[in-house]
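Could you walk me through this structure in the viewer, one selection at a time? I would like to know what to click on and what I will find there.

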Amino acid sequence: MNLVSDIINVERKATREGFGEAMVLLGRSDKNVVVVTADLGESMRVDEFEKQYPERFVQVGVAEQNMMGISAGLALSGKIPFAVSYAVFNPGRNWDQMRVSVCYTNANVKIVGGHTGISVGPDGATHQALEDIAMTRALPNLMVVAPADFEQAKKATMAIAKHKGPVYLRLTRPKTAMFTTSTTPFELGKAQVLRVGKDVTIFACGGLVYEALLAAEELKGEVEVEVINIHTIKPLDEETVVRSAKKTGKIITLEDHQINGGLGGAVAEVLGEKWPTKMVRMGMRDSFGESGEPEELLAKYGLDKDGVIKVIRKII
Amino acid sequence: MVDLVDKAREIRVEVIKMLTLAESGHTAGPLGTADLFAALYFGGLINFKIDEPYWDDRDRVVLSCGHYCPVQYAALALAGFFPVEELKTLRKLGTRLQGHPVRQIDFPGSNYKQLPGIENTGGPLGQGVSVAVGMALAGKMDKKKWKVICIDSDAEQQEGQTWEAYQTAAKYGLGNLTFVIDRNEIQISGNLGEVMPIEPLRDKLTAFGLRVFEINGNNHEEIMAVFEQGKLFPDQPKAVIMKTVAGKGVGFMEGDFRWHGKAPTSEEAEKALWELK
């Protein structure tokens, strides 16, 4: 998989940075790529795109519903629009527009939701998107992608631009561990077995994939943990999910999202039909977040390495 | 020269027939705007090719108030985009004439076949207004000659997204975009002025940066003339407040909000068709 050689001592950069860098590259390579944003260009890291391609940067102000509709209109006229804002608004506030003008229409819009999960931190629960996977996963024709780190966000951005059809890209605010490298393979729809194990499988997405890797490393010799990165939540790589469930017989899902309707829901649905397996869903347990530093919040809600280790010991 | 009065009458006849067979749907708005649709598709207001419906240089007609679709379906069929016979399938299982219009980019496994001439998926109010702005923005970015005409209803002015879209159209100076607002004073639950007044509409639209015109939307000369006048403002989006009579052409339907969202029975249709002939 070509991960970094030292998984413990890693550099840190946010997934939104990877997205921003990729957008500049895309702006250069494809003249049809357009950015539409609702007043959050800088914090979504599309300010450099704006600087370099001002004629392809559309600023609609604080009007997310309009942003989604305009993006649909641009796509229907041959553009590849990236509709960019915080996930609590996009798709939180413009879900109907996403459903009708984008998904039903099968318009080639890339919906980019930033600041997801409690790891948003100090801004508090109003700004921590914890339901966006559930909201997007329910929609036909829409692909749902949650990259695990900076490099993967960059690759995912390039890949979704090439994919014809609507995509939701889930990004995060804080600097998180960079454990993949520029040479780590990435393919939309293909889950990544980052670590092979036989005792228990962790299916994780986003920044928490790293916590799963740390937990697996710490338990080395005691429990052999398989860690699988589900960067594409829809369509789910069912084959990889079922294969690992058959092998280990014990499943943990891990996400910075509600346990209802997110990655855990997706995995449970597949296994419920194809290979019922003992399972624990880790995530926010039907509650909102709160203010705090990202690490403090992950620790409080049991979503960091130590929380994962606790659950592994319980399920084993 | 096509007789637009006659074309509008033909459109109204098809609207009544298709809604009666469908046994559900919206009657008042489509009848009220038949004159506009006659002018668009038969009066030379828009460029289109019936054998190449998604020709790059066509003008785009966005129907934001999607529930008006019977009038657009009838106009498209009479213009030759698809057989008039197909109008009978409105709202029936397997039809291309869905209850609300669908524009869907084809993909493997889709269970919808595109009805030619439809530009947007419409129904939830306010959405088409933004989609039209997006199209006009794309046209402007690429310095295209085609234009966008967006039809929205008066009750649609109650929807916040509509105003978000207007302010963006004004900010980007979308002179290639005209909103035609059907002012028929009714909505599903009653008279617009009682449900939620929208006055002073003209002042509001002007304040949002649009170049506003007011016409009688049941008069073909006024419809044709307003698009000519619009050309004088190439760098500003236009709004045409088009006063129409809801249910126009059928006496017992005219001005009655109860005809917003229902279809005629066959007895009612017989009376209506007699009146239209």
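How many residues of chain A are in contact with chain B? Select both chains and you will find 26 residues of chain A in contact with 22 residues of chain B, where contact means that the C-beta atoms, placed from the backbone, lie within 7 Å.

Before we go on, a word on what you are looking at. This is a predicted model, in which local features need pLDDT of at least 70, side-chain atom pairs count only at pLDDT 80 or more, and totals for chains, interfaces and linings use all residues. Residues are numbered from 1 along each chain as its sequence is written, while chains are lettered from A and ligands numbered from 1 in the order in which they are written.

**Stop 1: where the chains meet**

Stay on the side of chain A that touches chain B and colour α3 (64–76) and α4 (95–104) of chain A, the elements that give two or more residues to this side. Helices (H or I, at least four residues) and strands (E, at least two) are DSSP runs, numbered from the N terminus. The largest share, 9 residues, comes from α3(A). By class, this side of chain A has 10 nonpolar, 12 polar and 4 charged residues. Here Ala, Val, Leu, Ile, Met, Phe, Trp, Tyr, Cys and Pro count as nonpolar, Asp, Glu, Lys and Arg as charged, and the others, Gly among them, as polar.

**Stop 2: two domains in chain A**

Now select residues 12–177 of chain A for domain 1 and 192–310 for domain 2; these bounds come from an automatic or database domain assignment. Their centres, taken over C-alpha atoms, are separated by 24 Å. Between them, 28 residues of domain 1 of chain A are in contact with 31 residues of domain 2 of chain A. On the domain 1 side, highlight α5 (132–137), β6 (143–145), α6 (150–162) and β8 (176–177) of chain A, which each give two or more residues. This side of domain 1 divides into 16 nonpolar, 9 polar and 3 charged residues.

**Stop 3: the sheet of chain A**

Show the strands of chain A next. An open sheet of 7 strands runs in the order β3-β2-β4-β5-β7-β6-β12, with mixed pairing; two strands pair if DSSP finds at least two bridges between them. At the edges stand β3 (57–59) and β12 (232–234) of chain A, each with a single partner strand, so one side of each has no neighbour in the sheet. Zoom in on β2 (33–37) and β3 of chain A, which pair in the parallel sense over 3 bridges. There A:V36 stands opposite A:V58 in β3(A).

**Stop 4: a helix pair in chain A**

Select α1 (15–29) of chain A together with α6(A). They pack at an angle of about 40°, with their axes 7 Å apart; axes are lines fitted to C-alpha atoms, for helices over the stretch in contact, and angles run from 0 to 180 degrees between N-to-C directions. That makes α1(A) oblique to α6(A), as angles under 35 degrees count as roughly parallel, over 145 as roughly antiparallel, 65 to 115 as roughly perpendicular and the rest as oblique. Among the residues that meet are A:F19, A:M23 and A:L26 in α1(A) and A:F150, A:M158 and A:A161 in α6(A). In total, this contact has 8 nonpolar, 3 polar and 4 charged residues.

**Stop 5: the sheet and helices of chain B**

Move to chain B, where 5 strands form an open sheet in the order β1-β2-β3-β7-β6 with parallel pairing. Its edge strands are β1 (60–63) and β6 (211–216). Strands β2 (148–153) and β3 (177–183) of chain B pair over 6 bridges, and B:S153 stands opposite B:D182 in β3(B). The axes of α5(B) and α6 (160–171) of chain B come within 8 Å and cross at roughly 20°, which makes α5(B) roughly parallel to α6(B).

**Stop 6: backbone details in chain A**

Most residues other than glycine have a negative phi, and most peptide bonds are trans. Where are the exceptions to look for? The bond from A:N90 to A:P91 is cis, with omega near 25°, and A:P91 lies in the loop between β4 (80–86) and α4 of chain A. Another cis peptide bond joins A:K234 and A:P235, with omega about -5°. Finish at A:R45, which has a positive phi of about 65° although it is not a glycine; look for A:R45 in the loop between β2 and α2 (47–52) of chain A.

Note on methods. Two residues are in contact if their C-beta atoms, placed from the backbone, lie within 7 Å.
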